[in-house]
2 protein chains.
Amino acid sequence: MVRSEMAFELVCTVCGFRHDGSRYRLHCDRCTGLLDIEYDLPPGTGARTVPGLPGLCRYAPMLPIKDPAGFVTLGEGNTPVIPLHGVGRDLDLRLLFAKLEYFNPTCSFKDRGNAIQVTVLKDLGITAAVDIAGGNAGHSLASYCARAGLKFIGFGYEDPQSPKIRAIEQTGAEIHWIEGDRRDCSEAMAEFCAANGILNLRYSQSAYFIEGQKTIAYEIAEQLDPLPDHIMAPVGNGSILLGLWKGFREMVEDGRIQAIPRLHAVQSEAFRPLVAVIEGYDWRPSLHADTVAVGIRISEPPRLAALASACQGSGGTAVAVPEASILRWYRRLASSDGIFVEPTSATVIAGTATLIQRGRIDKGDRVLTILTGYGLKEPIPESAATAN
Amino acid sequence: MVRSEMAFELVCTVCGFRHDGSRYRLHCDRCTGLLDIEYDLPPGTGARTVPGLPGLCRYAPMLPIKDPAGFVTLGEGNTPVIPLHGVGRDLDLRLLFAKLEYFNPTCSFKDRGNAIQVTVLKDLGITAAVDIAGGNAGHSLASYCARAGLKFIGFGYEDPQSPKIRAIEQTGAEIHWIEGDRRDCSEAMAEFCAANGILNLRYSQSAYFIEGQKTIAYEIAEQLDPLPDHIMAPVGNGSILLGLWKGFREMVEDGRIQAIPRLHAVQSEAFRPLVAVIEGYDWRPSLHADTVAVGIRISEPPRLAALASACQGSGGTAVAVPEASILRWYRRLASSDGIFVEPTSATVIAGTATLIQRGRIDKGDRVLTILTGYGLKEPIPESAATAN
């Protein structure tokens, strides 16, 4: 393929300084700001898509990969959109849809980001990577590393018996257990990487990862015509929301779509940094804050300002939902629609209910929810085991 | 839609007696033989496919459903095919592929059969159904019943804490626990159904279920050109093998394909009724026979003769694989290819290795394996927890 190495650049989100794709980059060389990826391709779908290729590869010209032939795939993407009749009836919402991101290789949305991330690592000749083990991200990353022949070294700090950790172990990954919390774990990783000269991946800060997530937007535009009025996404680090925002803006630029759906972020009441920014108040997590929505148990997302822009720029908002509502909709999805997701995924239905109450979503609106992970990936919360 | 109720008939596999689709039928009215489904449509893809529709619906004219608009879907089908580079290298097989059937709503291949099965029940106005709880089949069936608003009553006899049972509970299904084995459970179900006038589904005998499974063949023909030389399927009751055989024969009739791939059945050494039939010896399971391949722990598949025809008619065979080989390839799939499946799924790689050794598969052949269920659906066997 005759694509130049300059087909994409990493642009600092703070000072605008531009970097080439010759290294794995998380931060600006000049000011240490986080990076975004920009492409040197004229607008218009002709140059920007490859219709014949499978999965994410059909968007290859707008992804930070050099050659689709080297793409590291486990079959990710092309996830279905189906109507939610049962929960829709509960909400008196006739046009409620779900995009089922658990139809992915490790049963969560993280696979889109990691397909791109690991393809980039392989492109660059990197042979080993370190990141946090545990969670959907770790499970996904370990699987893609195994697929690409990269060594994955995971650092864990909680729940060695969780289904995700057991799955990571099967990939043959090396796991180091750290006593302490997420911060202690990050410090241990940084020390280990510095001492051993191994890449500290920190996917949650990565621009490559968001590029993978933006393929959700491209698929939605192919699947739903007209586009939904609202899209509901759970937000921890917020890579789905950022991916949706970037993907839809690229398609507006291409003339492929005319307007962007309202993008709404859903957080738990216990972890609501983005809701606080949008509603304009100070927020810190309580000392013993916790939530059944473990996938979005994040108090300091690295791209908070960009997340606020995605919501506000699209005419959307952010909403915090209580535990009881998450669990109620978690159960209702299973019993009314036969859909068994992680509690984190159920937040989007809880958020939809709240926005209907607040008059932000009308009964006649078309609403698309993103269901991010399969139920078996997370033990069923004790509090959800009671009858419906 | 202007399709007559006579578009399909249920034909006895023993005496050939024909029945209409006005009732849920498992057995011949005349001789109690099992049934096959036949369609009253001329060969040729024109009348037999609906290209615009999503998922299994595009094969609707060749499925026992009345109207695609009433199709009960959770997004099943359209599962990806990917190359197995790592395991392929281990086997010195350059063209080894996998069809990933865990990209389905409940992460197993059973969803194809149950989408059809539950659509038929709904079509016929049936509001409740009974079958065995547990296993991929029970999990899938409970989910589709919830989706369609049918009451599912499951009978369980082992492992109330398994991930699949926990998932079934979330659908709101009623579960009755029976002390004893599978036979005791079947007897209890039959009594319950007779006493309460509720349908005893017995999906493992159902012709409708096989019709759902045959969509795997249709998809393979769309995904792989040329077709693979060999297809490896795990066989318990054997619905995948029967579905492949039926689907490919229909496509030969339509002129869509010229020849059928060799269909090979893989069983565990502990449960090998089909291997015994094909190799011509008597077989019964040992008293304490067991296998990590729990999905094919079946000693009396209801359609044994038809399974033998599928293998022999396609030029394939059946092979029994030992526990150590299943576990070895279970681990290798995860560590070499990043693919985490149930041990049952790993049997197809073990079977491929055996057929290479026996000279039935050549190094240059194109081989497609069917990976049936995701790893998280089954606890990791203790014997697999050791290093690779």
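Buried means under 20% relative accessible area, exposed means over 50%, and partly exposed lies in between, using a 1.4 Å probe and protein chains only. I start there because A:Asp159 counts as partly exposed, with a relative accessible area of 45%. I will come back to that residue after the wider picture.

First, the ground rules. This is a predicted model, where local features need pLDDT of at least 70, side-chain atom pairs count only at pLDDT 80 or more, and totals for chains, interfaces and linings use all residues. Residues are numbered from 1 along each chain as its sequence is written, chains are lettered from A and ligands numbered from 1 in the order in which they are written, and side-chain values use heavy atoms, with hydrogens and water left out.

Now the two chains. Chain A is superposed on chain B by a rotation of 180° with 0.0 Å of shift along the axis, at an RMSD of 0.0 Å. In chain A, the C-alpha nearest the axis belongs to A:Phe103, at 2.6 Å from it. Of the interface residues of chain A, 100% are also interface residues in chain B, so the copies meet through the same surface. Contact, here and below, means heavy atoms within 4.5 Å.

Next, empty space. Rolling a probe the size of a water molecule over the atoms shows where empty space is left. On a 1 Å grid over the protein atoms alone, a cavity is a set of points where a 1.4 Å probe fits but cannot get out, and lining residues have an atom within 4 Å of a point. Grid points are joined across faces, edges and corners, and a volume is the space filled by probe spheres set on the points. The count comes to five cavities of 30 Å³ or more. How big is the largest cavity? Its volume is about 70 Å³. The lining of that cavity includes B:Lys110, B:Tyr203, B:Phe209, B:Asn237 and B:Arg303. Helix 7 (207-213) and helix 9 (239-254) of chain B each supply at least two of the lining residues. Helices (H or I, at least four residues) and strands (E, at least two) are DSSP runs, numbered from the N terminus. By class, the lining has four nonpolar, five polar and two charged residues. Nonpolar covers Ala, Val, Leu, Ile, Met, Phe, Trp, Tyr, Cys and Pro, charged covers Asp, Glu, Lys and Arg, and the others, Gly among them, are polar.

B:Tyr144 is in helix 4 (residues 135-148) of chain B, and at 0% relative accessibility it counts as buried. The side chains of B:Tyr144 and B:Glu76 are joined by a polar contact of 2.5 Å. A polar contact is a pair of N or O atoms within 3.5 Å; within protein, one must be able to donate a hydrogen and the other to accept it, and residues adjacent in sequence count only if both atoms are side-chain atoms. Not counting residues up to four places away in sequence, B:Tyr144 also touches residues including B:Val72, B:Pro105 and B:Asp111.

A:Gln267 is in strand 11 (residues 262-268) of chain A and is buried at 1% relative accessibility. What does the side chain of A:Gln267 reach at 2.9 Å? The backbone nitrogen of A:Leu274.

A:Glu342 lies in the loop between helix 12 (323-337) and helix 13 (343-357) of chain A, and at 3% relative accessibility it is buried too. Leaving out residues up to four places away in sequence, A:Glu342 touches, among others, A:Asn136, A:Lys164 and A:Lys377.

Last, the backbone. Most residues other than glycine have a negative phi, and most peptide bonds are trans. The bond from A:Asp225 to A:Pro226 is cis, with omega near 0°, and A:Pro226 lies in the loop between helix 8 (215-223) and strand 10 (230-234) of chain A. In chain B, the bond from B:Asp225 to B:Pro226 is cis, with omega near 0°.

Back to A:Asp159, in the loop between strand 7 (151-156) and helix 5 (163-170) of chain A. Its phi is near 55°, a positive value in a residue other than glycine. A:Arg202 has a positive phi, near 45°, and is partly exposed at 32% relative accessibility.

Terms used:
Copies are superposed by least squares on the C-alpha atoms of residues with pLDDT of at least 70 in both. On a 1 Å grid over the protein atoms alone, a cavity is a set of points where a 1.4 Å probe fits but cannot get out, and a pocket is an open set with protein on both sides within 12 Å along at least five of seven lines; lining residues have an atom within 4 Å of a point.
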